[in-house]
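Please examine the protein model shown here, with attention to its domain interface and its backbone geometry.

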Amino acid sequence: MSIDFERLAQRYGTPLYVYDFDRMRESYEKLKEAFAGRKSLIAYAVKANSNLSVIERFANLGAGADCVSIGEVKRALAAGVESYKIIFSGVGKRDDEIAEALREDILMINLESEAEMRHVESVAREMGRVARISIRVNPDVDPKTHPYISTGLHENKFGVEIDMAKRMYIYAKNSAQLEPVGIHFHIGSQLTELEPIREAALIVADLVRSLSAIDIDIRFFDVGGGLGVVYDDEETIEPSDYAEAIGEAIRGLDLTIVCEPGRYLTANAGWLLCKVLYEKRNGDKRFVIVDAAMNDLLRPSLYKAYHRTELLNASQREGELIPADVVGPICESGDWLAKGLPLPPTKSGDLVLIHSAGAYGFSMSGNYNSRNRAAEVACEGGECRLIRERESFEEQIRLEKEYLRKRG
Ligand code: LLP
């Protein structure tokens with residue numbers, strides 16, 4: 001659908017996150033379709049965009065949820081994801097989080113260490129429950145992505161080595177409190193090459209076969225998330241090739257494929273809309289200062305990530321295109337959104353649109369410099385609606401004010 005960003009800016013103000021729910025649905029359907037003919041569950045990685053309406057949109061399509069904190073589990077439940085489609089992952093789960101996950105009877109808890117397994121076992125024992133578990137295997141495969149979002153090498157903190165996983169499965173099988181049902185790997189995010197995924201899937205499928213030989217039958221083959229998207233001009237993986245490679249790896253095994261996409265479903269269905277405040281020059285360097293900043297969209301500052309950025313109605317603007325850095329008002333040199341962007345002269349109030357901001361945009365936003373967090377709008381079937389109000393100053397300081405009041 002075509003979105004009238006100008007109207008949205010007038011109506012809801014800026015900075016504003018805008019999502020195209022039709023596009024999210026199309027991406028979900030394309031991926032689900034790729035797995036047609038195989039048992040599959042798409043467990044949306046809530047961390048990519050945790051807005052309840054976004055999770056609900058996927059839940060209504062049949063998606064499950066991949067969660068990494070009890071907060072995410074609760075969001076998934078609140079948004080209507082069925083508990084038997086929820087997976088709880090993450091390298092450091094607290095006992096209270098484990099207990100809550102067991103109480104909610106979710107599909108499986110994904111274990112990331114032997115120590116964590118003992119905790120899950122003892123919490124389950126105290127509660128008189130059996131915990132369905134999967135184990136995250138670190139296949140030691142280089143995913144060829146940004147080091148900060150690479151997770152499948154031994155040097156990364158995620159998962160356990162194959163031999164350790166085997167020992168853990170044997171222990172779990174013999175424990176009255178643990179029921180091994182799944183196996184998991186996730187080698188990294190923004191993957192644009194299929195080979196590392198294929199390699200990891202083959203390694204992990206081999207482990208499933210050797211477990212089966214000792215009577216440990218895995219039902220869920222969880223391949224994690226990581227499908228890359230186009231931010232600039234990169235070539236990415238086709239869902240059909242992805243599904244094919246995984247299907248090949250598990251050939252002959254009776255498994256439900258679980259995948260946990262976040263970015264693939266949301267990144268290119270979201271924009272950050274902001275407004276020009278001022279222009280300035282320092283020597284030869286031109287800056288366009290906008291009302292969004294690194295607290296709204298951290299990816300450029302944190303990963304030097306590229307987000308296509310455009311001045312709306314730029315073609316109607318007279319004047320030479322001169323490279324400018326689009327920056328926010330935060331007092332950090334790292335507070336930039338685009339670098340060296342050829343722009344015509346701008347004036348206060350012009351709208352700037354930052355693309356591919358639907359994943360790890362709002363969900364990584366914060367209040368640095370005491371800035372209120374942006375509002376979020378969803379557009380679907382030609383209509384747009386507010387799905388998160390703009391945070392107010394009162395809301396931002398609510399908990400601290402309470403503290404002062406209690407003290408005094
Ligand atoms: N499953 C697991 C176990 C994960 O750790 C992640 C992401 C996903 C699924 C979803 O990955 P996706 O399909 O979105 O690539 N903040 C970074 C990305 C961090 C990803 C962390 N884990 C960014 O802005 O690029």
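The following questions and answers concern a predicted model.

Q: Into which domains is the protein divided, and how far apart do their C-alpha centres lie?
A: The predicted model is divided into domain 1, made of 5-14 + 268-400, and domain 2, which covers 35-261. Between the C-alpha centres of domain 1 and domain 2, the separation is 34 Å.

Q: How many residues does the contact take from domain 1 and from domain 2, and what area do the two domains bury between them?
A: The contact draws on 17 residues of domain 1 and 16 residues of domain 2. Carbon and sulfur atoms account for 47% of the buried area. The area that domain 1 and domain 2 bury between them is about 1,400 Å².

Q: Which three residues supply 35% of the area that domain 1 buries against domain 2?
A: The residues of domain 1 that touch domain 2 comprise six nonpolar, six polar and five charged. In buried area, one trio on domain 1 supplies more than any other three residues, with a share of 35%. These residues are Tyr303, Tyr306 and Tyr360.

Q: Which side chains meet in a salt bridge, and at what N to O distance?
A: The interface of domain 1 and domain 2 holds one salt bridge. Arginine 57 and glutamate 380 form a salt bridge through their side chains. Arginine 57 belongs to the buried residues of helix α3. The N to O distance between arginine 57 and glutamate 380 is 2.6 Å.

Q: Which element gives the most residues to the side of domain 1 that touches domain 2?
A: Between domain 1 and domain 2, eight residue pairs are in polar contact. On the domain 1 side, the elements giving two or more residues are α11 (299-303), β16 (375-380) and β17 (383-388). With three residues, the element that gives the most is α11.

Q: Which residue caps the N-terminal end of α3?
A: Helix α3 spans residues 52-60, and its buried residues include Ser53, Val54 and Ile55. Just after α3, glycine 62 has a positive phi of about 110°. At the N-terminal end, a side-chain oxygen lies 2.8 Å from the backbone nitrogen of serine 53, and the residue that carries this oxygen is asparagine 51.

Q: Which residues are joined by a cis peptide bond, and what is its omega?
A: Most peptide bonds are trans. The bond that joins threonine 14 and proline 15 is cis. Proline 15 is placed in the loop between α1 (5-12) and β1 (16-20). For this cis bond, omega is about -5°.

Q: What is the phi of serine 370?
A: Serine 370 lies in the loop between β15 (351-354) and β16. Its relative accessible area is 53%, and serine 370 is therefore exposed. The phi of serine 370 is positive, near 55°.

Q: With which side chain does threonine 346 make a polar contact?
A: Threonine 346 sits in the loop between β14 (336-343) and β15. At 13% relative accessibility, threonine 346 is buried. Among the residues it touches are Val276, Arg286 and Leu311. The polar contact of threonine 346, at 2.7 Å, is with the side chain of glutamate 279.

Notes: Residues numbered from 1 in each chain as written. Predicted model: local features only at pLDDT ≥ 70, side-chain atom pairs only at ≥ 80, totals over all residues. Heavy atoms only, no water. Domains from an automatic or database assignment. Contact = heavy atoms within 4.5 Å. Buried area = accessible area lost by both parts, 1.4 Å probe. Salt bridge = Lys/Arg side-chain N within 4 Å of Asp/Glu carboxyl O. Polar contact = N/O pair within 3.5 Å; in protein donor to acceptor, adjacent residues only side chain to side chain. Helix = DSSP H or I, 4+ residues; strand = E, 2+ residues; numbered from the N terminus. Nonpolar A, V, L, I, M, F, W, Y, C, P; charged D, E, K, R; others polar. Buried < 20%, exposed > 50% of the residue type's maximum accessible area, 1.4 Å probe, protein only. Lists of a residue's contacts leave out its neighbours within four places in sequence.
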